Amino acid sequence: MRKLLAYLKPYWKLVVLAPLLMIVEVIVDLLQPTLLAKIVDVGIAGQDLTLVMRTGLFMIGIALIGMLGGMGCTVAASIASQSFGTDLRSDLFKKIQSFSYADLETFKISTLITRLTNDIAQVQMLVLMSLRIMVRAPLLGVGGIIMAISINARLAMILLASVPALLLILFFVIQKSFPLFTMVQQKLDRVNAVMRENLSGIRLIKVFNRSTYEKKRFSITNSELMNNTIKAFKLVISIMPVMMLIMNLSLVAVIWFGGIQVSGGTMKVGEIMAFINYFMQILFSLMMVSAIFIFITRANASAERIHEVLSIVPQIQDPSQPDQAPLNKGMVEFEKITFQYGEDGNEPALKDISFAAQPGEIVAILGRTGSGKSTLMNLIPRLYDVNQGRVKVDGRDVRTFDFTTLRSSIGMVPQDTVLFSGTIKENIKWGNTRATDQDVIAAAKIAQADQFISQFPEGYDTSISQGGTNLSGGQKQRVAIARAIIKKPLILILDDSTSAVDLATEKKILSALKETLVDTTIFIVAQRISTVLDADCILLLDNGRIVGQGNHSQLMKNNSIYQEIYQSQLGEGVTIYD
Ligand code: ATP
Ligand code: MG
């Protein structure tokens, strides 16, 4: 929590102002019982009506001032805590944006969402409460003690017994509840995870008739959250009766011993009234302290979770002195690279790959599923870093560029296409915000998307629902291709981007790419051999290794694996239409 407090710095004026205003309210609260005692003991006892009136009016006057102080404090504390939360959220968001793919595998999306929303809300709430109650409770408590002692020191001795008892219980509860609240946040993560998975997979769930199963899965996680929350709060709530008991017992003691003193004539009625008032204030402030401490425990669990994300050093970062020179050729080289996911000891996904793609070439990557095609492509825009060897673009190691330089020259259509909610035009322009409407149409034409888009009643302004569910698989892919092309990249990577498009359309896309993006180095990942026939070079991958390299006719001549694939897909008896 302490580490997050830096976020309050810009609002230090409010942070100082809020407690100051609160002091006004507390002083008023502390003055009232004494004034009341004065009315009773002097005014009423001496039948001095003007004194009663004057003191009464004075009490109302300062009560109003106290109220203003309290309101001002709430306003200042609210502004400070909201600004604190907003800044923190935006920093957390920025941090997550800087995450590499590998970092995103460590932190699941669902936990990031909980941390961005619920956890921040907890911490923000704590700041708000602290600015009000953290000042109010101790001031009221200490002030109350002083006032109580000043009225009757002997009677105040009762506090010596009750205050430590209350503190002890408080300490015990805080100790016990911290792990419980951490658990609650984890369960909340889990609920979010299941919910997210469910909502994004809802269509699949329907097809597979798994609603009942999923409902059960959700209800299990949901009740786990409930049980854990109940457990945590049960503990917290359980101290309330005990505290009330101690408070009431002390009160009885005050009235008992005070009563004796009053009848003995050593104490006045008004004094004992004021004393009881102060006594209640003291005990009440202790209750407030306990409430806030429990809140601190909960918010601390959240703060740690936020800090955990903020303190991550992204696994892939801009170099400290990046190579600023722009890319201009689009040459891509892999030099003896080996790459593995996760920790050491895992089987590498790519082994000893060396290859060079010349500017303007069309390179096809062919290989069965899981052979490492996507992995290889992800290394070019540095979504992952190699373990051994080097990936070079325009003769320079990708690790020497800053991300903006490198990635602005690369257009990529990842294997799992994601479209954002918005219009088709917005989705395509997303690739290049400076593009004009003509650029959008031109890109769509190359991607063979113009035709189907124009057939929509609203054309390019047709809105795409979240995830692009109102487009067909092949339509989505073509919009995604247009989005990558509009960037006019030096290097274009199409990772299985035409898999949902029919062969004839695919052929049109490929030849349009070849004609219009003459200088662009194009990587086409494919499983269908028909996609790669015209490529300048075909890389055949198997189990993370290159097992064939050359153009179609070369490979047909000298590569048995390639011949096999060809036979199974396009050989005799297999027909394709043109
Ligand atoms: P496909 O044609 O099905 O897309 P691919 O050739 O693109 O397959 P890759 O996605 O590169 O295959 O995967 C290569 C290997 O790396 C596979 O064995 C896969 O299980 C593994 N792999 C891929 N992504 C990850 C990841 N994020 N974490 C761990 N292992 C991964
Ligand atoms: Mg793949």
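In which helix is the place of Thr405? Thr405 sits in helix α10, which spans residues 403–408. The model shown in these close-up views is predicted.

**View 1. Thr405 in helix α10.**
Thr405 has a relative accessible area of 14%. Buried means under 20%, so Thr405 counts as buried. Leaving out residues up to four places away in sequence, Thr405 touches Asp323, Gln324, Ala325, Pro326 and Leu327. Leu225 is 180 residues from Thr405 along the chain, and the C-alpha atoms of the two are separated by 45 Å.

**View 2. Arg382 in the loop between α9 and β4.**
Is Arg382 buried or exposed? Its relative accessibility is 5%, and therefore Arg382 counts as buried. Neighbours within four places in sequence are set aside in the contacts that follow. Arg382 is in contact with Ile316, Gln317 and Pro319, and also with Val398, Arg399, Phe401, Phe403, Leu406 and Arg407.

**View 3. The open sheet β2-β1-β4-β5.**
This open sheet has four strands, and their pairing is antiparallel. Which strands stand at the edges? They are β2 (350–357) and β5 (396–397). Each of these has a single partner strand, so one side of β2 and one side of β5 are left without a neighbour in the sheet. Strands of a sheet pair through backbone hydrogen bonds, and the pairing can be parallel or antiparallel.

**View 4. Strand β9 and its pairing with β6 and β10.**
Strand β9 runs over residues 491–495, and five of its five residues are buried, which leaves the strand mostly covered. Ile491, Ile493 and Asp495 point one way from β9, while Leu492 and Leu494 point the other way. In a regular strand the side chains alternate between the two faces of the sheet. Strand β6 (residues 410–413) pairs with β9 in the parallel sense, over four bridges. Ile410 has Ile491 of β9 as its bridge partner. Strand β10 (residues 521–526) also pairs with β9 in the parallel sense, here over five bridges. Two of the bridge partners in β10 can be picked out by name: Ile522 for Leu492, and Phe523 for Ile493. Between β9 and β10 the chain crosses through helix α15 (residues 503–516), and this β-α-β crossover is right-handed.

**View 5. Strand β10, with β3 as a parallel partner.**
How many of the residues of β10 are buried? Six of the six are buried, so β10 is largely enclosed by the rest of the structure. The side that holds Thr521, Phe523 and Val525 points one way from the strand, and Ile522, Ile524 and Ala526 point the other way. Five bridges join β10 to strand β3 (residues 362–367), and the two run parallel. Ile365 stands opposite Val525 of β10.

**View 6. Ser530 in helix α16.**
Helix α16 covers residues 529–532, and Ser530 has its place there. Why does Ser530 count as buried? The relative accessibility of Ser530 is 19%, and the limit for buried is under 20%, so Ser530 falls within the buried class.

**View 7. The surroundings of ligand 1.**
Ligand 1 is surrounded by 14 residues, and the closest are Thr369, Lys373, Ser374, Thr375 and Gln415. A polar side-chain atom of Thr375 lies 2.4 Å from an oxygen atom of ligand 1. A polar backbone atom of Gly372 is 3.0 Å from an oxygen atom of the ligand. For Glu105, a polar side-chain atom lies 3.0 Å from a nitrogen atom of ligand 1. On its own, ligand 1 has 630 Å² of accessible area, and the protein covers 62% of that area.

Methods. Residues are numbered from 1 along each chain as its sequence is written. Chains are lettered from A and ligands numbered from 1 in the order in which they are written. This is a predicted model: local features need pLDDT of at least 70, side-chain atom pairs count only at pLDDT 80 or more; totals for chains, interfaces and linings use all residues. Side-chain values use heavy atoms; hydrogens and water are left out. Buried means under 20% relative accessible area, exposed over 50%, partly exposed in between (1.4 Å probe, protein chains only). Two strands pair if DSSP finds at least two bridges between them. A crossover is right-handed if, with the strands pointing away from the viewer, the path from the first strand over the helix to the second runs clockwise. Contact means heavy atoms within 4.5 Å. A residue is near a molecule or strand if one of its heavy atoms lies within 4 Å of it. A polar contact is a pair of N or O atoms within 3.5 Å; within protein, one must be able to donate a hydrogen and the other to accept it, and residues adjacent in sequence count only if both atoms are side-chain atoms. Accessible areas come from the Shrake-Rupley method with a 1.4 Å probe; for residues, only the protein chains shown count as cover.
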